Structures are given as structure tokens and as C-alpha cells.
Amino acid sequence: MSGSNRISRRDFMKMTAGVIGGIITAAIGVPVIGYLIDPALRAGAKEAWVPIGKMADIPVGKPTIFSFTRTQVNGWERTSSSFGGFVIRKSEDAKDILILSSRCTHLGCSVNWHDDSQEFICPCHDARFSKDGVVLGGPPPKPLNQYTDFKLDADGNLLIFVKEG
Ligand code: FES
């Protein structure tokens, strides 16, 4: 009698462990599946509109620096990269702007704006670029790249269209 009681208690314990194990598996299983699906869903998100500042905060005439970070998902690997540039408002007209990348077209260092000489200067090999991004001196083979697609949202934020990175 007591033997059969012991067996049924053992069976009960096994059953309880099985049920608890099932609950734990279900609880863990859901987020794991979500994690598995997540990179596949995000893989195509290479292009995006990126906000770079309020138009009202960007003065006319003076290059205004901006930066942003993008995260690429490649399989299980996530890579974050920083990008930057300068917005140059040529007049009060919100569409009359030039948006330059700060990445030097020689070997990719970041250029800096120098108010005194009114030039962008690359600290790596002393390249000089005009306010419009044209090469004035040094080794770069071409002008600074431009972000040509931009828009303003309803709140006055300036957004640029970034194709990759
Ligand atoms: S990286 Fe800018 S001049 Fe060489």
C-alpha cells in the first residue's frame, strides 16, 4: 500500500517537474523565437530618413556640424558606425541648403570647419576644401560628398536620406 503510495508520489513529482519544465520552456521559447526572427526582419532596413537637427537652430551662412549612428545587422552580428557632416544654409529659404559629409574623400578622416580661413581642413594630410566642399589643396581626388535628399518634417526637423551604413 505504502509502496504504491510512494510510486504514485514519485509519478506525481515527475509529472509536476514535467509541467514546470514545460512552462519554463514555453516562457524561454517565446523570446528565443522572437530573437531568431528579429535579424531577418531588420536585414533590409539599410535605407532610412535620419533626423540631423532643427532647421530653426541652424544659422544661415555658418557650417553647422551634425552626427548620427547607424546599426547594421548582418546575421547575428551588429555593427554600429558613426557618420557626420555639415549643414550650410545659404539663405533663409529652408530649401537653399547644402549638406556635406565630413568624411574626407582621400582616406576617410573627418574634416573640420575653420572659421578663420573659411575652409574645411582634413587633419590627416592637410587637405583643404571650400565651404561648398570643392578641393582647394592636398591629395583628395574629389569634392566632399553631399547628402542630396533631404526634407523637413511637420516639427521643423531636418532629415536626410541615408542609403547605407
Ligand atoms: S584623409 Fe584627408 S587628406 Fe588624407
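Two strands count as paired if DSSP finds at least two bridges between them. Strand 7 (residues 128-129) runs antiparallel to strand 8 and is joined to strand 8 by two bridges. Across this pair, Arg128 stands opposite Gly137 of strand 8.

The model is predicted. Mean pLDDT for the protein chain is 82, and 72% of the residues reach 70 or more. Residues 27-44 stay under 50. For this segment the model has seven contacts beyond four places in sequence. Where pLDDT is low, the predicted coordinates should not be read in detail.

The largest nonpolar core comprises 13 residues. Those with the most contacts inside this core are Ile52, Phe66, Phe68, Val87, Ile99, Leu158 and Ile160. At least two core residues come from each of strand 1 (48-54), strand 2 (64-74), strand 4 (97-101) and strand 10 (157-162). Strand 10 gives the most, with three residues.

Beyond its neighbours within four places in sequence, Val87 is in contact with Ile52, Ile58, Lys62, Pro63, Thr64, Phe66, Ile97, Leu98, Ile99 and Leu158. Val87 also has a bridge partner in strand 4, namely Ile99. Strand 3 (residues 77-89) and strand 4 pair over five bridges, in the antiparallel sense.

Strand 4 is mostly covered, with five of its five residues buried. Ile97, Ile99 and Ser101 point one way from the strand. Leu98 and Leu100 point the other way. Both sets are buried.

Ser102 lies in the loop between strand 4 and strand 5. Ser102 counts as buried because its relative accessibility is 9%, and the cut-off for buried is under 20%. Residues up to four places away in sequence aside, Ser102 touches Gly84, Gly85, Phe86, Cys109, Ser110 and Val111.

Notes. Residues are numbered from 1 along each chain as its sequence is written. This is a predicted model: local features need pLDDT of at least 70, side-chain atom pairs count only at pLDDT 80 or more; totals for chains, interfaces and linings use all residues. Side-chain values use heavy atoms; hydrogens and water are left out. A nonpolar core is a set of buried Ala, Val, Leu, Ile, Met, Phe, Trp, Tyr and Cys residues joined through side-chain atoms within 4.5 Å. Buried means under 20% relative accessible area, exposed over 50%, partly exposed in between (1.4 Å probe, protein chains only). Helices (H or I, at least four residues) and strands (E, at least two) are DSSP runs, numbered from the N terminus. Contact means heavy atoms within 4.5 Å. pLDDT is the predictor's confidence in each residue, from 0 to 100.
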